[in-house]
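Subject: Structure handover

Hello,

Here is the structure I said I would pass on. My notes on it follow below.

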Amino acid sequence: MKCKDSERYITLFINDKLTGTRLKKFIEHIEVCPTCFNEMETNYLLKEALQRLESDGSYDLHGDLMRKLKNTKKCVEGHEMITMVRRVMLLSAGMALLFELVFVYAFYL
Ligand SMILES: [Zn+2]
């Protein structure tokens, strides 16, 4: 992902509107690009600070942002794990079916 794309996704990410591959690529980029990370942090802090001024909530904004990033990463990784498990199961099912077909073929014919 390029910085130009990443910048477009910052607001979406902050508002929890970024999903799937775009979210994954965004997180990957943010982790290695200090410029975009700072941009996102500034946006996030501004938005949250304004909200918390109104609601009188906690002020550990940086901590919250880091938690949000960590949780999102976990979700993305979890999703990849599920996709992988599904693939393995599908493959196993395919193998079992193939085995059965070969067995039936060998046994009855
Ligand atoms: Zn960047």
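D16 is exposed, with 10 other C-beta atoms within 10 Å. Here a residue is called buried if 20 or more other C-beta atoms lie within 10 Å of its own, exposed if 12 or fewer, and partly exposed in between, with C-beta atoms placed from the backbone. D16 sits in the loop between helix 1 (3–14) and helix 2 (20–32). Its phi is near 60°, a positive value in a residue other than glycine.

Two points on how to read these notes. Residue numbers start from 1 along each chain, as its sequence is written. The model is predicted, and local features need pLDDT of at least 70, side-chain atom pairs count only at pLDDT 80 or more, while totals for chains, interfaces and linings use all residues.

The chain as a whole

The chain has 4 helices and 0 strands, and its pattern along the sequence is α-α-α-α. The radius of gyration is 22 Å, well over the 13 Å that the globule rule gives for 109 residues, so the chain is more spread out than a compact globule. The radius is taken over C-alpha atoms, and the rule is 2.2 Å times the number of residues to the power 0.38. Helices (H or I, at least four residues) and strands (E, at least two) are DSSP runs, numbered from the N terminus. The C-alpha trace spans about 80 × 30 × 20 Å along its principal axes. Of the 109 residues, 9% count as buried. Among contacts with a separation of 6 or more, 59% are between residues 24 or more positions apart; a contact means C-beta atoms, placed from the backbone, within 7 Å.

Helix 1 and helix 3

The axes of helix 1 and helix 3 come within 10 Å and cross at roughly 25°. Axes are lines fitted to C-alpha atoms, for helices over the stretch in contact, and angles run from 0 to 180 degrees between N-to-C directions. The two helices are therefore roughly parallel to each other; the classes are roughly parallel under 35 degrees, roughly antiparallel over 145, roughly perpendicular from 65 to 115, and oblique for the rest. Helix 1 contributes C3, S6, E7, I10, T11, F13 and I14 to the contact, and helix 3 contributes T35, C36, E39, M40, N43, Y44 and K47. By class, these residues are 7 nonpolar, 4 polar and 3 charged. Ala, Val, Leu, Ile, Met, Phe, Trp, Tyr, Cys and Pro count as nonpolar, Asp, Glu, Lys and Arg as charged, and the others, Gly among them, as polar.

Helix 3 and helix 4

Helix 3 (residues 34–55) and helix 4 (residues 61–108) have axes that come within 10 Å and cross at roughly 120°. They are therefore oblique to each other. E41, Y44, L45, E48 and A49 of helix 3 meet L61, D64 and L65 of helix 4. That contact has 5 nonpolar, no polar and 3 charged residues.

Two residues of helix 3

N38 lies in helix 3 and is exposed, with 11 other C-beta atoms within 10 Å. N38 and V88 are 50 residues apart in sequence and 39 Å apart in space, C-alpha to C-alpha. E39 is also found in helix 3, but it counts as partly exposed, with 16 C-beta neighbours inside 10 Å. Leaving aside neighbours within four places in sequence, E39 is in contact with E7 and I10.

Regards

Key:
Two residues are in contact if their C-beta atoms, placed from the backbone, lie within 7 Å.
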